[in-house]
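Hi everyone, thanks for coming. Please have a look at the sequence and the model on the screen, and then I'll walk you through a few places in it.

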Amino acid sequence: MAKHADHEKRRAAFAEAAFNILARDGLAGLTVRDVAREAGFTTGALVHYFPSKSELFVAASEHAALVVRPRMEQDEVAYPGLEGVRRVIYDALPRTPEARALWSVWLVFWDRAKVDPVIGKLARERYAEWHGRLARLLGRAQEAGDLSPKADPELLAQTATILVDGIAVQALRTSARLSPARQKALIDAWIDSLPKKSG
């Protein structure tokens, strides 16, 4: 058991190192030597756990999910109706240094997904998870009476996904430099515009 735990700890260290390098230096910085050095191990040890760069990418993505997923799950349970939608979307925005790092890695994944089928599959799984969470929350808001019965939670979830992606690209890849307050204001305006239950 202790040996297994040690292996898991080492894998986690490599995953975190890969994530940190991708966030800081982008794809160009993701070399076996640099990831091994960042994690405090030899290149041989790294290759033993992750024989390919694709596997290292997957591990970095899993590390990112471990950072953000618990927070979303907590807010999904803690806040009912549209407030739950709002809070979970806030969690996804690049409003903090940590969230900006997560998005920097995710944008690298977008590029890799076009040419690497392993990363492409992972990206589709991540989007399916995100879409499912939003659709579930929007459906609950509808059941709670916060949203019109005529609203389509699936369509609204897709709209929210596109909105969040657009905000992230504007904030990280253009001169717009959307402030955290502005990011939240954009989400608030969208949620306020959703069709509400009449009467």
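Predicted model: local features only at pLDDT ≥ 70, side-chain atom pairs only at ≥ 80, totals over all residues.

**Rings, core and helices**

Residues are numbered from 1 along each chain as its sequence is written, and side-chain values use heavy atoms, with hydrogens and water left out.

Back to the rings. The structure holds seven aromatic pairs (rings of Phe, Tyr and Trp, its six-membered ring, with centres within 6.5 Å; planes under 30 degrees apart are stacked, over 60 edge-to-face, the rest tilted). Phe14 and Phe50 make one that is edge-to-face, with 6.3 Å from centre to centre and 90 degrees between the planes. This pair links distant parts of the chain, 36 residues apart: Phe14 is in helix H1 (residues 2-25), and Phe50 is in the loop between helix H3 (43-49) and H4. Helices here are DSSP runs (H or I, at least four residues), numbered from the N terminus. Ring pairs also join Phe14, Phe41, Tyr49 and Phe50 into a cluster.

Now the core. Which residues touch the most other members of the largest nonpolar core? They are Val35 and Ile89, out of 60 residues (such a core is a set of buried Ala, Val, Leu, Ile, Met, Phe, Trp, Tyr and Cys residues joined through side-chain atoms within 4.5 Å). Helix H7 (residues 117-143) gives the largest share of this core, nine residues. Leaving aside neighbours within four places in sequence, Val35 is in contact with several residues, including Phe14, Ile21 and Leu56 (contact means heavy atoms within 4.5 Å).

Next, two helices. The axes of H4 (residues 53-78) and H7 come within 10 Å and cross at roughly 5 degrees (axes are lines fitted to C-alpha atoms, for helices over the stretch in contact, and angles run from 0 to 180 degrees between N-to-C directions). That makes H4 roughly parallel to H7 (under 35 degrees; over 145 is roughly antiparallel, 65 to 115 roughly perpendicular, the rest oblique).

Notes:
Buried < 20%, exposed > 50% of the residue type's maximum accessible area, 1.4 Å probe, protein only.
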